[in-house]
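Below are some comments on the helix packing and the aromatic pairs, for reading alongside the model.

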Amino acid sequence: MTKLTKSLKLSLVAAGLFSATASAASVAIVNATLHTSTEQGVLEGASVVFEDGKIVAINPTSINADTTIDAKGQIVTAGFIGTMNQLGLVEVGAVAGSRDGSDDKATIDFDPSLAFNPRSSLIPYARKGGITQDVIVPNGGESIFAGLASVVDLSGSFESVNKKQVALVVHLGEKSKGSRAMSMKTLIDKLEGEKSAKKDDEKVPSTEQKVLAAVLAGDMPLIASVQRASDIFSLVKLKETYGINLVIHGGDDAVVVADALAKADVPVIISSMANLPGSFDSLHANLANAGKLEKAGVKVIIGVAGDSSHNVYQLRFDAGNAVSYGMTQQGALSAVTSNIADIFGLNSGAVATGKRANLVMWSADPFELNSHVSKMWINGEEVSTEARQDKLRERYTTDSAMPRAYTK
């Protein structure tokens with residue numbers, strides 16, 4: 001092996017991108033506190049074994065692995081899953097050329113995953129927050145239909161798009177121009193039109209027709225971004241009429257209709273940091289809402305509000321905030337792992353045999369400010385959490401005879 005080849009291989013291993021042989025090796029984590037995100041709950045002094053990207057055993061009677069890691073009591077969880085952002089679709093919000101999550105002409109069949117950049121500088125920073133997968137969504141354009149969501153992993157691989165077109169995103173509710181009634185009518189007309197359309201077996205259906213057919217069959221979730229209780233209730237009735245797989249995103253007023261949401265089995269993606277009304281549609285925004293929805297029996301997903309593409313790192317802190325305002329610890333963990341996996345049909349989000357080996361070892365409680373990621377695996381391969389911020393810190397704090405910021 002030449003020095004150049006050896007150096008390149010070592011660099012790729014450090015970045016978590018070299019996988020020619022790593023995926024075949026078996027790894028055992030022992031003496032861990034496993035937070036499984038399953039009915040097993042928390043397992044003390046436990047072990048987990050994974051190989052070929054999958055978890056193959058929990059607490060086996062004997063361990064025979066290529067690599068054994070002593071967790072020394074540290075917490076191990078499933079990798080967290082971000083949602084409802086443009087991670088990998090935007091680099092700098094103020095630079096138009098680096099934004100690929102929206103287009104004026106975007107509608108039902110707009111799939112922004114075609115532009116996903118797995119080498120975005122935002123991705124290593126997100127990994128520092130324990131994020132191993134993410135549900136990326138379009139911002140859309142002039143239509144109420146923003147487009148199609150996809151699931152990506154944060155390995156940095158060019159094969160990072162795990163699952164394309166997992167949901168249709170629609171923007172409803174308040175309008176700065178026009179009426180919310182027209183938006184709801186547009187949605188109903190599209191669903192009714194597809195439901196009533198005569199099928200021509202000889203004609204290849206368009207992407208839009210395929211998407212609408214999947215939504216009506218319940219195979220593809222419809223994510224409705226909406227806040228006001230009356231709009232949410234109307235959508236619940238729409239689910240009853242058409243049998244759609246509905247997910248509410250935003251839902252600051254969801255607590256008002258929590259019983260109806262629980263009865264209809266409608267999940268809610270909510271920010272646990274919303275504490276003040278941002279509009280007349282969100283008068284019930286409150287830090288305790290995630291806990292209240294959980295107690296009502298609603299499946300809750302915690303998402304990061306605002307510029308979550310750059311700030312999805314803080315997902316664990318938002319989950320911790322939900323716990324401090326009434327959500328259970330297990331509920332908050334599920335809200336950033338297994339609940340998301342369940343809704344989007346992912347084989348991840350839990351520490352269980354057969355699940356994807358997306359795992360994170362934490363120095364302490366992941367919801368605490370002073371904890372950090374000790375080790376992380378995506379698809380069974382260890383990845384680095386070094387981000388641009390770390391490199392900048394080293395650059396500006398390293399002692400040198402040269403002026404600050406000019407060290408090599």
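1. The model is a predicted one. Helix 3 and helix 4 (residues 207-216) have axes that come within 10 Å of each other and cross at roughly 95°. Since angles from 65 to 115 degrees count as roughly perpendicular, helix 3 is therefore roughly perpendicular to helix 4. On the helix 3 side the contact uses Lys-190, Leu-191, Glu-194 and Lys-195. Helix 4 contributes Glu-208, Gln-209, Leu-212, Ala-213, Val-215 and Leu-216. By type, the residues of this contact of helix 3 with helix 4 are five nonpolar, one polar and four charged.

2. The arrangement with helix 5 is another matter to check. The axes of helix 3 (residues 180-196) and helix 5 (residues 229-242) come within 12 Å and cross at roughly 10°. Because of that angle, helix 3 is roughly parallel to helix 5. The contact of helix 3 with helix 5 comprises seven nonpolar, two polar and four charged residues.

3. Helix 5 has 14 residues and spans 20 Å from its first C-alpha to its last, close to the 20 Å expected at 1.5 Å a residue. Which of its residues are buried? In helix 5 these are Ala-229, Asp-231, Ile-232, Leu-235, Val-236, Leu-238, Lys-239 and Tyr-242. The buried residues of helix 5 pack against helix 3, helix 4 and helix 6 (258-263), and also against strand 10 (222-226) and strand 11 (246-250). Just after helix 5 comes Gly-243, with a positive phi of about 70°.

4. Five aromatic pairs turn up in a search of the whole structure. In one of them, Phe-50 with Trp-377, the ring centres are 5.7 Å apart and the planes stand at 65°, so the pair is edge-to-face. Phe-50 belongs to strand 2 (residues 42-51) and Trp-377 to strand 15 (residues 373-378), so the pair ties together parts 327 residues apart in sequence. Phe-50 is buried, with a relative accessible area of 1%, and Trp-377 also counts as buried, at 2% relative accessibility.

5. The rings of Phe-80 and Phe-367 have centres 6.3 Å apart and planes at 40°, so this pair is tilted. Phe-80 lies in strand 6 (residues 80-85), whereas Phe-367 sits in the loop between strand 14 (359-362) and strand 15; the pair links distant parts of the chain, 287 residues apart.

6. A last point concerns helix 9 (residues 315-324). Seven of the 10 residues of helix 9 are buried, so this helix is largely enclosed by the rest of the structure. The buried residues of helix 9 are Leu-315, Arg-316, Asp-318, Ala-319, Gly-320, Asn-321 and Ala-322. Following helix 9 is Gly-326, with a positive phi near 115°.

Key. Residues numbered from 1 in each chain as written. Predicted model: local features only at pLDDT ≥ 70, side-chain atom pairs only at ≥ 80, totals over all residues. Heavy atoms only, no water. Axes fitted to C-alpha atoms, helices over the stretch in contact; angles between N-to-C directions. Helix = DSSP H or I, 4+ residues; strand = E, 2+ residues; numbered from the N terminus. Parallel < 35°, antiparallel > 145°, perpendicular 65-115°, else oblique. Nonpolar A, V, L, I, M, F, W, Y, C, P; charged D, E, K, R; others polar. Contact = heavy atoms within 4.5 Å. Expected span 1.5 Å × (residues − 1). Buried < 20%, exposed > 50% of the residue type's maximum accessible area, 1.4 Å probe, protein only. Phe/Tyr/Trp six-rings, centres within 6.5 Å; stacked < 30°, edge-to-face > 60°.
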